[in-house]
Amino acid sequence: MSNPYHNPKAQWAAYLVFFVVLACVPLMVENTFTVNLLARFLVLGMLALSVSLVWGYGGILSLGQGIAFGLAAYGMGMTMQMQAQDPESMPIPSFMLTNELTELPALWEPFWHAPTGIALALIVPTLFFAALGTIMFQARVAGVFVAIVTLAMLSAWYSMAFDMQPYTAGFNGISPPNPLQLGEYSIDPYSATAYWIALACLTVLTLGLKALLHSKFGLIIQAVREDPERARFLGYSVAAYQVSVFTLSGFVAAVAGVLWVMIVQYVSPTALEVSFSVTMVIWAAVGGRMSLIGAIIGAFLVNGMQSFLGDELLYGFLLVLGGLFIVIVRFLPNGLAGLLESVLGRFGKRAAPSDAGGPV
Amino acid sequence: MSVNHFWTAFAFEPFMNALLIGLSMASIWLIAALGLAIVYGTMGVINMAHGEFVMLGAYTTYLLQSVFGLPFLLCVPCAFLIVAAIGAIIEKLLIRHLYKRPLDTLLATWGLSLVLVQGVRLLVGPEPKNVTSPAFLNASMQFWVFELSWFRVFIFGVTIAAFVVTWWLLQKTRVGLMVRAVTQNKEIAAAHGIDAGRVYTLTFAYGAGLAGLAGAMFGAIKNVFPDMGAGYIVEAFLVVVVGGVGSLAGSLVSALGLGEIYSVFAYFTNGTFAKFWLFLLVVIFLRFRPQGLFSEALARR
Amino acid sequence: MKGSRRSFLKSSAALGTVAGASAIGGFPQLLIKDANAQGKPWVTKGGTIKVGVLFSLTGSLAVVETDSNQVVQFAIDKINKAGGIMGMKVEPVIIDAKSDIKVYSEKISQLILKDRVIATFGGYTSASRRAMAPIVMSRDHLLYYPTCYEGRECTQNIVNTGPLANQHSQDLIPFMVKNFGKKVYFVGSNYIWPKESNKNAKVWLERAGGELLGEEYVELGGSDFTSIFNKIRQTKPDFIFSTVVGDSDIALHKQFKQEGFKVDKMPIAALTTGEIEIRAMGAEFGAGHFLSAPYFEALDTPTNKKFVDEYLSSKYGKGGVTHYNMEETYLSVYAFKAAFEKAAAKAGSVEAVTPRMLRDVTPGIRLEDDISPEGLVWFDETCHLYMKPKIGQCGGDGQFKIVQAAKDHIAPDPFVIYPERGVCKFDGLHTKDGKVLKSVL
């Protein structure tokens, strides 16, 4: 028997169990606060998923995942804010008054219509990632340079969200007063419904990505990660593959941004902060960037720690987080999933050389 | 009562002053970036905690001044030495284990920056501290159309001095020769009897020390607080990346260029908008010259 | 590969059902057992009165909010020692918001839904208020927001004890114009509150016959004012009106002196440079500048002297100063006490008191001279305070000398410069076309 960690069937089984358990959580939890908190974790898990995809599998260390998250969050915030406006008596959100606006700016017009708004919130960040990816990877920007370019781009958007106050409310952020209204239904962020919507999205994305990574496309992506030069000599368009995986990760982060605002009813430039985007990388690193599910669990663990350890570690939390991160990078480059892999590997050692072992 | 506060019209005197301010900004960014440039150029390590070394320099100055009563001008070199020592320790404990994984050093040093910020917050307290500078620096000087504070002139002077000393160390001394040898090829340098590990420790310590020097001065124009380092790190990176890896002259030119672009944009529009354009221009620049201004080819590490 | 694809299809089909069910509303919100809906009383007789205290005790906002947290505890201690509220002790649930906007939003819902506090004291920045507001509003709960803000909001669930933009600069601008000259340059931090404050200040400036030379904003936390001082040097104003906050404010005052400007020729008139900021920058950089606030530590009234003495000698007063933000926070606790007593009397029992009821009885509550360190204040129907702003000039010792105090109380008016929007009243914003909008953010 080989390492069960690399057994595709075992992997799929683990994924199924994981999501089924998550789906049952609201049935067990009584407090609405906890349901909402867990829904937030699901969304953060989705961000770790996007990091795992782009960094773990694509080998592209992007510190700019917050761009897609933030842009989508703003799109959703605008959509939900417009649901609270009235064309007659309250045509524009009140923060615009401070900035001398008397009419709704054209940028905001499409958000009167919620489905259009949500669609834009998903499409615009994805297209932006496609464009940025094309610019970077066609110029063969690689390694730490990608990190720096995405970081600079993120900083640019951050200062933009701050400065364009007539459109974004700047530092104050946008807080739509009412929950999202879909048709006749209002999605209370504290309901199990909101939780299940988030979970459904996370599940579909995770399983979809896993299937994709098992496909030929996924294998080429990893070949590109291991050695772009050799992949190029083999005739693959390295840039095209890198752009695809980068764009896909942007889309995943954008879905997270939309769900986040549905759940917390608030968006501000903090979504575009550098530290937030780096924290996502921390989650993925802790859980294991080479494992989609590992990265998600990493996000759950770190955020759960922050929420539940709380006051005993009050002053020490950042110390612990920073220290944990150093230790993980230093001793466990593949995170907890890597640890599991080596533990399971010990059980399976007796048998023949392990099978090829797809992505985890 | 409305003022068109977005565009400022051109006028000779303030525009000349804006150019001068650009020079002053450049000196601030250069001194903040110099250590980063050396460490990255030599070791290929992206040090995300560089801003926190700046912060440590500022706190060192504060402590030396308020606890030991040292005069400000003496605190500045002390900050260099003390932060360099801290840098050496960190290199031995953490950085040296990650040389083969440049992306991971980026992440580990980010973790380090969290620890340093929170550690300082716990030990010294979260409230901002105050570094006092000598009275003669708290005034401004005038010549022709220019007007600038002496403190900015002081920073400018120290930056130039630090730059010249660094250049001299690298080009004219034996240690510098060893550093350059290790930069070019670590294995062959080691085969010639150079202790590469020691060179790396020295380089990292020197880079950290430069950050400490910068922090000692920055504490006096603003305040000293635990997360002050975050305010410099992105700009410092841009200076290094635009300048080109391992090129001191590149860093100098890119700091000058970025400082002037920023200041001129800030003069005609405003600071936040200027920053946005700065970031955008850098991204566009890197699209066409990913290796930076002064490097021949993209380093493959 | 084949096997895995098949199981993938199966699993996605299964999940599709779950997702579909919730999306089409098969069992929407079935599982919310909301505390409100259960009708459980917020306070039980013989128990304690639980209140939330949500400030940042760590991170960059801790500098200001730690003091807010301390002063709330100080006030609660004081109330408890004097017998509590109607014989019941007040029990603070203290949570650290870690200077993280996400945490404010998460923890306010914890306080409301899990800890079941009856009201929360919290927040300092507008961003934190706006992150908390949707939750407070959707659960019809109550937030005491104890600091100055821009106004232009009309809600049913927030009680404010700081000055609104219209109260802050009404006296300051004419005072500066009269004493230093007509020409002014506005410098602010780049966000909504400074912009709104400046908008109000422009109205007062126009009435005072002043002239606005320019308006510049620096990014929050930004610390380089050379470009702005370059423009100020060019335009030569008689004074600077500053709404720069936090670390930037300290850098502004330091660089003002380093750039060679003279405080007696062109002072800075600020809305936030209080005792704490002066201490952080060093009194040499603050001396001679002006501040408008309803409260100063140096205020010479018996109530304030007692407040300062008691606070600084208590275990909470290690910070060594009191300032306007702390006093406004202190007031909010006493406003809560008065509201609770009024509501309980009205409802007939403490168990019938709800957060919303506290808000509804707040208009008209007066905090008299013997309670309020800044002197008598009272709430209007929108739950903002009538107050008397004062102007202080910083001395060489870091304390302010009050150079002018308003004769009459100034009315709060969150929509004063937006009459076309409507009028904020007890039950919401009354728009011009006769509608009443309950919550306008």
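How many residues of chain A are in contact with chain B? The count is 35 residues of chain A against 35 residues of chain B, with contact defined as C-beta atoms, placed from the backbone, lying within 7 Å.

This is a predicted model, in which local features need pLDDT of at least 70, side-chain atom pairs count only at pLDDT 80 or more, and totals for chains, interfaces and linings use all residues. Residues are numbered from 1 along each chain as its sequence is written, while chains are lettered from A and ligands numbered from 1 in the order in which they are written.

**The A–B interface**

Three elements of chain A give two or more residues to the side that touches chain B: helix 6 (144-163), helix 12 (274-287) and helix 14 (317-331). Helices (H or I, at least four residues) and strands (E, at least two) are DSSP runs, numbered from the N terminus. Helix 6 of chain A provides the largest share, 14 residues. By type, this side of chain A divides into 27 nonpolar, five polar and three charged residues. Here Ala, Val, Leu, Ile, Met, Phe, Trp, Tyr, Cys and Pro count as nonpolar, Asp, Glu, Lys and Arg as charged, and the others, Gly among them, as polar.

Two of these helices can be set side by side. The expected span is 1.5 Å times one less than the number of residues.

| Helix | Residues in helix | Span, first to last C-alpha | Expected span |
|---|---|---|---|
| Helix 12 of chain A | 14 residues | 21 Å | 20 Å |
| Helix 14 of chain A | 15 residues | 21 Å | 21 Å |

Helix 12 of chain A is largely enclosed by the rest of the structure, because 12 of its 14 residues are buried. Buried means 20 or more other C-beta atoms within 10 Å of the residue's own, exposed means 12 or fewer, and partly exposed is in between; C-beta atoms are placed from the backbone. The buried residues of helix 12 include F276(A), M280(A), W283(A) and G287(A). After helix 12 of chain A comes G288(A), with a positive phi near 120°.

In helix 14 of chain A, the buried residues are F317(A), L318(A), L321(A), G322(A), F325(A), I326(A), I328(A) and V329(A). They pack against helix 12, helix 13 (292-309) and helix 15 (335-347) of chain A. Helix 4 (102-124) of chain B is also among their packing partners.

**Confidence in chain B**

The mean pLDDT of chain B is 86, and 96% of its residues reach 70 or more. pLDDT is the predictor's confidence in each residue, from 0 to 100. Over residues 297-301 of chain B the pLDDT is below 50. Beyond near neighbours in sequence, that stretch has seven contacts in the model.

**Chain C: domains**

Chain C is divided into domain 1 (39-163 + 303-310 + 322-387 + 413-441) and domain 2 (170-270). These bounds come from an automatic or database domain assignment. The C-alpha centres of the two domains of chain C lie 31 Å apart. Six residues of domain 1 of chain C are in contact with seven residues of domain 2 of chain C. The domain 1 side of this contact divides into two nonpolar, two polar and two charged residues.

**Chain C: strands**

Strands pair if DSSP finds at least two bridges between them. Strand 10 (residues 290-293) of chain C pairs in the parallel sense with strand 9 (residues 268-270) of chain C over two bridges. Strand 10 of chain C also pairs with strand 14 (residues 390-394) of chain C, in the antiparallel sense over four bridges. F290(C) takes part on both sides: A269(C) stands opposite F290(C), and Q393(C) in strand 14 is the bridge partner of F290(C). F290(C) and S292(C) point one way from strand 10 of chain C, L291(C) and A293(C) the other way, and all are buried.

An open sheet of three strands in chain C has the order 16-17-18, with antiparallel pairing. Its edge strands are strand 16 (423-425) and strand 18 (436-437), each pairing on one side only. Strand 16 of chain C meets strand 17 (residues 428-430) of chain C over three bridges. There V423(C) stands opposite H430(C).

**Chain C: positive phi**

K98(C) is not a glycine, yet has a positive phi of about 55°. K98(C) sits in the loop between strand 2 (90-96) and helix 4 (101-114) of chain C. Is K98(C) buried or exposed? K98(C) is buried, with 22 other C-beta atoms within 10 Å.

R116(C), also not a glycine, has a positive phi of about 50°. R116(C) lies in the loop between helix 4 and strand 3 (119-122) of chain C. R116(C) counts as partly exposed, because 16 C-beta neighbours lie inside 10 Å.

Conventions
Contact = placed C-beta atoms within 7 Å.
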